[in-house]
Amino acid sequence: MDSFYLTTPIYYASGPPHLGHAYTTILGDVLARYHRRRSEDVLFLTGTDEHGQKIQAAAAEAETDPKRWCDDISDRFKAAWRDLNVSYDRFIRTTEDEHKAVVWAFLEALYENGHVYESEYVGWYSVGQERYFTEKEIGPDRVDPVAGKPVERIQETNWFFRMSAFQERLVRHIEENPDWIIPQSRKNEVLGFLSQPLGDLSISRPTSRVSWGIPLPWDPEHVAYVWVDALTNYVTASGQITPDLPPDERGFGATRPGSRWPADLHLLGKDILTTHAVYWPTLLMGAGLPLPRKILAHGWWVVGETKMSKSLDNVVDPLYLRGDFGTDAVRWYLIREMSTGQDASYTPERFFARYGELTNILGNLAHRTLSMIVRYRDGVIPRLEGDGLAPQAEAALSAYHGSMAEYRLHDAMAAAMDLAREANGYVEEREPWAMAKAPGKEAELDETLATLGRTLAILTCLFEPVMPAKARELAARLGLEEPPRFEDLEALALDGHSVVHGEPLFPRVEIEDATDA
Ligand code: ME8
């Protein structure tokens with residue numbers, strides 16, 4: 001069986017989840033569900049990033065201890081993912097003992113391999129991004145380039161990873177694997193960054209400044225830099241490293257049997273591209289582990305022109321639209337609206353337009369098909385003799401898979417919606433209501449209704465990754481236990497199934513009510 005291991009970033013436990021986090025996690029969920037529908041063995045990882053100065057400060061401000069604070073925030077992330085129907089297989093927390101042991105072993109491997117040294121650091125640090133920035137990056141106003149907040153001048157002794165030693169190998173890897181970082185614009189950004197000499201990476205913080213972290217194996221006066229700690233989560237969850245064995249048997253080197261490493265896909269926003277496409281692969285090279293197979297950096301959700309983020313206080317609660325429209329409609333909007341890789345601007349108007357596709361195209365098709373089967377055939381789907389929409393369905397499936405393979409999820413969903421649109425056109429053209437009245441048209445009416453029933457069943461398969469609950473509900477109304485898998489579509493037979501008409505799948509919502517929410 002093919003397997004697929006995909007990851008989201010682990011989100012900072014400095015505050016509760018917001019729409020940006022929800023987007024990446026739903027994107028991951030759609031891909032996880034898609035690969036499961038292809039009968040692959042999927043491991044879908046998400047979690048929370050719980051160490052470092054930012055969390056230490058958030059807990060101190062709330063006058064609580066950092067672990068208690070993280071317990072609360074990680075529960076809120078889990079609750080949000082439950083509400084948004086996210087089917088993660090593993091939720092990792094960097095405060096888990098297993099993860100701490102793997103980070104320890106990872107650092108030891110870097111040290112033993114001779115890639116670590118101690119030195120003085122002088123530079124500008126952004127607590128918000130948990131990163132140093134160069135003079136050039138912070139500009140004359142001395143603000144971090146991501147959130148525009150002031151940076152701190154820091155001078156201290158740190159342990160460094162000899163990242164510079166891996167620059168050439170990394171550039172070669174990117175050039176030899178042109179689809180390793182997608183979209184291409186992000187790959188070019190990384191190559192641009194790597195056209196300058198790469199510095200070494202400070203991988204520790206003195207406990208006098210940051211105590212909330214994992215102590216270095218060889219120096220208890222320092223904790224691991226939070227990004228090294230956090231990135232390692234992807235290896236922890238893979239089961240590749242066994243820290244309690246002697247160093248040479250721990251799993252550094254080739255992939256071990258049973259291990260899920262290397263990950264097939266790291267999903268992230270473009271704000272953390274450098275950490276994933278430069279720090280992480282060089283650290284893996286230093287530790288002697290294979291690189292992830294692909295990195296997809298998507299764009300930002302913005303309100304007007306500004307990135308939505310917690311620090312900017314313009315966060316839209318991902319759950320607020322669910323009250324009126326339901327979870328699946330929010331998932332549909334997020335996936336259909338953003339072209340993977342580009343920014344997208346959230347506006348209520350765009351949300352209503354995308355919701356309109358659900359009511360007017362898919363919902364309408366389901367409603368009229370089920371209602372005609374009930375009215376003209378006592379609720380029983382006739383036998384399929386010839387499929388009037390077979391070529392359209394085949395073309396839609398091929399466009400859908402093609403787009404998914406290139407991670408253009410918005411295009412895959414457009415292809416699915418196009419099939420629903422074509423099926424509506426087929427209804428108008430065939431006029432089953434006229435056939436029902438005219439004598440001698442029984443066979444044609446059977447064919448029309450059976451074709452529409454089968455098309456709806458195919459649509460439950462295509463839409464399930466994005467709208468799992470609605471797809472299940474529609475499948476149930478067609479007398480199916482669940483939406484068919486791709487491999488079942490060929491032999492799909494619905495004749496004799498009793499259908500349930502029911503309420504509209506996507507009810508019309510008065511816009512005034514929704515904007516008041
Ligand atoms: O960076 N639009 O965590 P984080 C789209 N802990 N996506 C957005 C977004 C927006 N406006 N805002 C956030 C961290 N995201 C680290 C990661 S991984 C080893 C450690 C999403 O809580 C997007 O995926 O700041 C972005 O990369 C991530 O949340 C940042 O989450």
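**Figure 1. Contacts across the chain of the predicted model.** Among contacts between residues at least 6 apart in sequence, 76% join residues at least 24 apart. This protein model is predicted. Its secondary structure comprises 19 helices and 16 strands.

**Figure 2. Overall dimensions of the protein.** The C-alpha trace spans about 90 × 50 × 40 Å along its principal axes. The radius of gyration is 26 Å, which agrees with the value near 24 Å that a compact globule of 517 residues would have.

Figure 3. Which percentage of the 517 residues counts as buried? The share is 56%. The protein exposes about 21,300 Å², and carbon and sulfur atoms supply 48% of this area.

Figure 4. Helix 2 covers residues 53-61, and its buried residues are Gln-53, Ile-55, Ala-58 and Ala-59. In an α-helix there are 3.6 residues a turn, so residues three or four places apart point the same way. After helix 2 comes Glu-63, which has a positive phi, near 55 degrees.

**Figure 5. The loop that holds Lys-270.** Where is Lys-270 placed? Lys-270 lies in the loop between strand 12 (265-269) and helix 10 (273-287). Leaving aside residues up to four places away in sequence, Lys-270 touches Arg-186, Asp-343 and the residues Ala-297, His-298, Gly-299 and Trp-300. A further pair in this view is Lys-270 and His-497, which are 227 residues apart along the chain. The C-alpha atoms of Lys-270 and His-497 are separated by 48 Å.

Figure 6. Is Cys-70 buried or exposed? Cys-70 counts as buried because its relative accessibility is 0%, and buried means under 20%. Cys-461 also has a relative accessibility of 0% and therefore counts as buried. How many disulfides does the structure hold? The number of disulfides in the structure is zero.

Key. Residues numbered from 1 in each chain as written. Predicted model: local features only at pLDDT ≥ 70, side-chain atom pairs only at ≥ 80, totals over all residues. Heavy atoms only, no water. Helix = DSSP H or I, 4+ residues; strand = E, 2+ residues; numbered from the N terminus. Rg over C-alpha atoms; globule rule 2.2 N^0.38 Å. Buried < 20%, exposed > 50% of the residue type's maximum accessible area, 1.4 Å probe, protein only. Contact = heavy atoms within 4.5 Å. Areas by Shrake-Rupley, 256 points an atom, 1.4 Å probe, with all protein chains shown as cover. Disulfide = S-S within 2.5 Å.
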